[in-house]
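Reader: Could you walk me through this structure with the criteria spelled out?
Author: Gladly; here is what we will be looking at.

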Amino acid sequence: MEKNRLIAYKGSQVHFYKSLINDTFTKEGYIINQFKRVENPERSSEQEIQKARELLRLNRNFNLDFSKKIVTPLTALDSALVTVRKARLPKFKDYLYKSKLKKDEVISFKNNTNTLTFDNNLSVVYTNEKEEEGYILRNVFSKKREATYQTSSIIPLEKNIVLDKSGILIKPLSVFYEGYWSYEKFAHALPLDYEPTH
């Protein structure tokens with residue numbers, strides 16, 4: 001049981017935050033990168049997509065060819081088809097703009113409190129373990145691929161996120177996790193007071 005808990009601990013959010021507080025995160029296998037998330041300029045707005053869907057719905061009796069290749073839309077229906085196809089594009093694009101951050105670029109210690117102080121979002125790569133097969137194949141349409149390093153994103157939902165000394169967020173809902181940690185959260189739960197023995 002202790003061995004399984006240690007495996008679950010290594011690479012977890014608590015392990016990361018604790019190693020960040022102690023400034024040992026690089027030695028413990030973490031790389032921290034910073035990224036900005038912006039709306040995808042290639043994707044139509046939700047309002048445009050809804051209008052296009054409504055136009056297509058109103059004209060469904062005209063035997064529309066949804067597979068038709070449209071380079072330059074010539075009619076309103078062509079434009080609606082192009083807009084609806086763009087709805088499949090991701091809503092946002094992420095732009096990495098800083099890599100291998102240092103402790104003072106992520107967290108500060110003032111008034112006896114550890115506070116996350118980074119701008120935008122963080123990508124956290126854990127290089128001591130590869131992804132599990134369950135993570136790679138977690139979605140219905142996932143294809144088997146070579147496992148890479150465990151990569152997670154921290155998306156802050158508020159400012160001044162405080163950590164206690166054991167690496168636990170005082171307000172757990174102050175951040176949103178994407179990537180590996182969002183999978184691990186359910187697959188490998190740990191007791192809040194867990195301390196590794198080695």
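Reader: What makes α2 count as mostly covered, and how many of its residues are buried?
Author: Of the 9 residues in α2, 8 are buried, where buried means under 20% relative accessible area, exposed over 50%, and partly exposed in between (1.4 Å probe, protein chains only). The buried ones are Q13, H15, F16, Y17, K18, S19, L20 and I21. Before we go on, a word on the source: this is a predicted model, in which local features need pLDDT of at least 70 and side-chain atom pairs count only at pLDDT 80 or more, while totals for chains, interfaces and linings use all residues. Residues are numbered from 1 along each chain as its sequence is written, and side-chain values use heavy atoms, with hydrogens and water left out.

Reader: How do you know what is a helix and what is a strand, and how many of each are there?
Author: Helices (H or I, at least four residues) and strands (E, at least two) are DSSP runs, numbered from the N terminus. By that rule the chain has 6 helices and 8 strands. In sequence order they follow the pattern α-α-β-α-α-β-β-β-β-α-β-β-β-α.

Reader: Why is F16 called buried?
Author: Its relative accessibility is 0%, and the cut-off is under 20%, so F16 counts as buried. Y30, at 2%, counts as buried as well.

Reader: And F109, buried or exposed?
Author: F109, found in strand β3, has a relative accessible area of 53%. The limit for exposed is over 50%, so F109 is exposed.

Reader: Which residues do ring pairs link into a cluster?
Author: The cluster consists of F16, Y17, Y30, Y126, Y177 and W181. Across the whole structure, the search finds 8 aromatic pairs.

Reader: What makes a group of residues a nonpolar core, and which residues touch the most other members of the largest one?
Author: A nonpolar core is a set of buried Ala, Val, Leu, Ile, Met, Phe, Trp, Tyr and Cys residues joined through side-chain atoms within 4.5 Å. The largest has 22 residues, and F16, Y17, L116 and I154 touch the most other members. Two or more residues each come from α2, β1 (30–39), β5 (121–130), β7 and β8 (175–179). The largest share, 4 residues, is from α2. Apart from this core lies another, of 7 residues, among them A52, L64, I70 and L81.

Reader: Which residues is L116 in contact with, beyond its neighbours in sequence?
Author: Contact means heavy atoms within 4.5 Å. Leaving aside neighbours within four places in sequence, the partners of L116 include Y17, L20, V106, I107 and I161.

Reader: How do you know which strands pair in the open sheet of 3 strands?
Author: Two strands pair if DSSP finds at least two bridges between them. Strand β4 (residues 113–116) and β7 share 3 bridges in the antiparallel sense, so they qualify. The order of the open sheet is β3-β4-β7, with antiparallel pairing.

Reader: Why do β3 and β7 count as edges?
Author: β3 (107–110) and β7 (161–163) each have a single partner strand, so one side of each is left without a neighbour in the sheet. The twist averages 35° from one strand to the next. Helix α2 (residues 13–21) packs on this sheet, touching β3, β4 and β7, and its direction makes about 115° with that of β4. Such axes are lines fitted to C-alpha atoms, for helices over the stretch in contact, and angles run from 0 to 180 degrees between N-to-C directions.

Reader: What joins β6 to its partners, and how many bridges are there to β8?
Author: There are 5 bridges between β6 and β8, which run antiparallel; in β8, E178 is the bridge partner of S153. Strand β6 (residues 149–156) also pairs with β5 over 6 bridges, in the antiparallel sense, and V124 has S152 as its bridge partner in β6.

Methods. Phe/Tyr/Trp six-rings, centres within 6.5 Å; stacked < 30°, edge-to-face > 60°.
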